[in-house]
Amino acid sequence: IVLRWGLNYLAVEDLRPRLRELEMPVLIIHGAQDQIVPVASARWLASRIRRSRLEVLPGHGHALLATAPRQVAELIDHFVRDEIDG
């Protein structure tokens with residue numbers, strides 16, 4: 001029920017204008033060969049979030065947690081460490 005509600009919300013609400021309001025650091029990880037969401041979408045998103053970092057994984061598609069779990073974990077680990085260390 002919660003998933004259905006969330007998907008319905010996303011179908012009708014356009015949150016793109018609110019991206020500039022985000023103040024926390026954001027890591028965007030995207031597969032270069034993603035056939036579902038083009039990498040251009042990730043670049044667009046990163047350009048609108050003030051404190052974002054975009055990491056594009058060459059040779060990977062949409063399901064990064066399934067195809068590149070170690071790389072994703074390392075990127076998250078480095079991102080968090082960089083934010084903590086300032």
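Okay, quick definition to start: helices here are DSSP runs of H or I with at least four residues, strands are E runs of at least two, and both are numbered from the N terminus. What you're looking at is a predicted model, where local features need pLDDT of at least 70, side-chain atom pairs count only at pLDDT 80 or more, and totals for chains, interfaces and linings use all residues. Residues are numbered from 1 along each chain as its sequence is written, and side-chain values use heavy atoms, with hydrogens and water left out.

So, helix 1, residues 2-12. W5 and Y9 both sit there, 4 residues apart, about one turn of the helix. Rings of Phe, Tyr and Trp (its six-membered ring) pair if their centres lie within 6.5 Å; planes under 30 degrees apart are stacked, over 60 edge-to-face, the rest tilted. That rule gives us 1 aromatic pair. W5 and Y9 make it, stacked, at 5.4 Å centre to centre with 15 degrees between the planes.

Now the pocket. By pocket I mean an open set of points on a 1 Å grid over the protein atoms alone, with protein on both sides within 12 Å along at least five of seven lines; lining residues have an atom within 4 Å of a point. Who lines the largest one? That's R16, I28, H30, V37, S41, A42, W44 and L45. Strand 1 (26-31) and helix 2 (39-48) are the elements giving two or more residues, and helix 2 has the largest share, with 4.

Methods. 1 Å grid on protein atoms, 1.4 Å probe; cavity = no way out; pocket = protein on both sides within 12 Å on 5 of 7 lines; lining within 4 Å.
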